[in-house]
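This note sets out points to follow with the sequence and the structure side by side. Please take the points in order and locate each residue as it is named.

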Amino acid sequence: MTSLDDAIPLLVCDDSSMARKQLIRSLPANWPFRISQAENGRLGLDMIRSGRGRIVLLDLTMPEVNGFDVLARVRDEGLQAEVIVISGDVQEEAIRRARALGARAFLRKPVAAPDLEAALLALGMEPAAAQPDAVDASHALPPVSFCDAFRELSNIAMGRAAELLGRVLKVFIRLPIPNVNLLEPGELQMALIDAQGNQRVSAICQGYIGGGVAGEALLIFHDSAIADVAGLLDTKLDTSSHPELLLDLAAIITGACLNGLSEQLGLQLSLGHPLLLGEHCTIDELIRLNRPRWKQTLAVEISYALEDHDIQFDLILLFTEDSVGRLQQRVEMLL
């Protein structure tokens, strides 16, 4: 019989408590694991160095030290760890980089239990050797708040949108950790100003509704970046083509992100026609023109940055106050 002393140290390294909870629940039952958890890459590296991560389930998008850096340090320091990357960043370049840095497998979020088991088997795990009392039950499943859960859903949806945008523009998209907050109108305006500063921007708004959920997606472009984007697309930019380019990009980014959320939540969201809220204006002007549109809201803030280019898009999903209860119900079903 396998003892706890013989159990394999397995580390789940992900900043999302929802993701850690889902991964732990997806592990094959009664395999001989001694499970540890880390909420960022810095803590994860410390645990690997201390022997608590012979097998590591690693996210890529994390604070302090991201997953790519964890892989690089594991390789450079010669640490004994078999790493399976489990990420919402599903760009082909992200997968290539992770494997080049030593990842033994790459699984897409949300991971399916059979896929996780197959990846573990490929590492030479021996499920038949495990006994029910050999699994360390001392770890606790992390508590998951609504905002944390919705941040993880947004992270996965964000990754899908980035994969599509990256293929269109033929660039690698650097992904942030989404911000999810319940905001009053004044707080939302401050968040917009903080994100954009005094730069001149153009903005596209697109409404969505379905399954008791409604809101608006606000996509903000720095004017200085639009010409660079046009160059990536080999598009001649003039006064008439500027709005058309913005609308095309909004269709890609907003549509893919909302579709990703819809699939995870089991909702059918219908998108309205995109509207140009403002061109070549400051955030203060944009807010003044559209202040009546935005009330208390659940706000999801995502910034897409293009590697090796001074280009950034800010996508803000604004769910109505009446939608929050319905979203909470859907999230509880997932948990």
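1. Contact of helices H2 and H3. The model discussed here is a predicted one. Helix H2 covers residues 41-49 and helix H3 covers residues 67-76; their axes lie 10 Å apart and form an angle of about 25 degrees. Because angles under 35 degrees count as roughly parallel, H2 is described as roughly parallel to H3. The crossing of H2 with H3 is right-handed. From H2, the residues that make the contact are Gly-41, Leu-45, Ile-48 and Arg-49, and from H3 they are Val-70, Arg-73 and Val-74. Sorted by class, the contact of H2 with H3 holds four nonpolar residues, one polar residue and two charged residues.

2. Contact of helices H6 and H11. Helix H6 (residues 146-169) and helix H11 (residues 324-334) have axes that come within 10 Å and cross at roughly 80 degrees. H6 and H11 are therefore roughly perpendicular to each other. The contact of H6 with H11 has eight nonpolar residues, one polar residue and no charged residues.

3. The two faces of helix H5. Which residues of helix H5 (residues 113-122) are buried? They are Leu-116, Ala-119 and Leu-120. Viewed down the axis of H5, these buried residues fall within an arc of 100 degrees, so they line one face of the helix. As background, an α-helix has 3.6 residues a turn, so residues three or four places apart point the same way. Pro-114 and Ala-122, on the other side of H5, are exposed. The cover over the buried residues of H5 includes helix H1 (17-26) and the strands S2 (33-38), S3 (55-58), S4 (82-87) and S5 (105-108). Just after H5, Gly-124 has a positive phi of about 95 degrees.

4. The two faces of helix H4. In helix H4 (residues 92-100), Ala-94, Ile-95 and Ala-98 are buried. Around the axis they cover an arc of only 100 degrees, which places them on the same side of H4. Glu-92 and Ala-100 are exposed on the other side of H4. H3, S4 and S5 are among the elements that cover the buried residues of H4. Just after H4 comes Gly-102, whose phi is positive, at about 115 degrees.

5. Leu-23 belongs to helix H1. Is Leu-23 buried or exposed? Its relative accessibility is 4%, and because buried means under 20%, Leu-23 counts as buried. With neighbours within four places in sequence set aside, Leu-23 is in contact with Val-12, Leu-57, Ile-86, Val-111 and Leu-116. Leu-23 and Leu-116 are 93 residues apart along the chain, and their C-alpha atoms are separated by 8.7 Å. Leu-116 is one of the buried residues of H5.

6. The chain as a whole. How many helices and strands does the protein chain have? There are 11 helices and 13 strands. Of the 335 residues in the protein chain, 54% are buried. Where contacts join residues at least 6 apart in sequence, 75% of them join residues at least 24 apart.

7. Backbone details to examine. Most residues other than glycine have a negative phi, and most peptide bonds are trans. The peptide bond that joins Lys-109 and Pro-110 is cis, with omega about -15 degrees. Pro-110 is located in the loop between S5 and H5.

8. Positive phi outside glycine. Lys-170 is a residue other than glycine with a positive phi, near 60 degrees. Lys-170 sits in the loop between H6 and strand S6 (173-174), and at 73% relative accessibility Lys-170 counts as exposed. Asp-308 likewise is a residue other than glycine whose phi is positive, near 65 degrees. The loop that contains Asp-308 lies between strand S12 (297-306) and strand S13 (312-320). Asp-308 is exposed, its relative accessible area being 70%.

Definitions and conventions:
Residues are numbered from 1 along each chain as its sequence is written. This is a predicted model: local features need pLDDT of at least 70, side-chain atom pairs count only at pLDDT 80 or more; totals for chains, interfaces and linings use all residues. Side-chain values use heavy atoms; hydrogens and water are left out. Axes are lines fitted to C-alpha atoms, for helices over the stretch in contact, and angles run from 0 to 180 degrees between N-to-C directions. Helices (H or I, at least four residues) and strands (E, at least two) are DSSP runs, numbered from the N terminus. Angles under 35 degrees count as roughly parallel, over 145 as roughly antiparallel, 65 to 115 as roughly perpendicular and the rest as oblique. A crossing is left-handed if the near helix is turned anticlockwise from the far one by less than a right angle, and right-handed if clockwise. Contact means heavy atoms within 4.5 Å. Ala, Val, Leu, Ile, Met, Phe, Trp, Tyr, Cys and Pro count as nonpolar, Asp, Glu, Lys and Arg as charged, and the others, Gly among them, as polar. Buried means under 20% relative accessible area, exposed over 50%, partly exposed in between (1.4 Å probe, protein chains only). The arc is that of the directions from the helix axis to the C-beta atoms.
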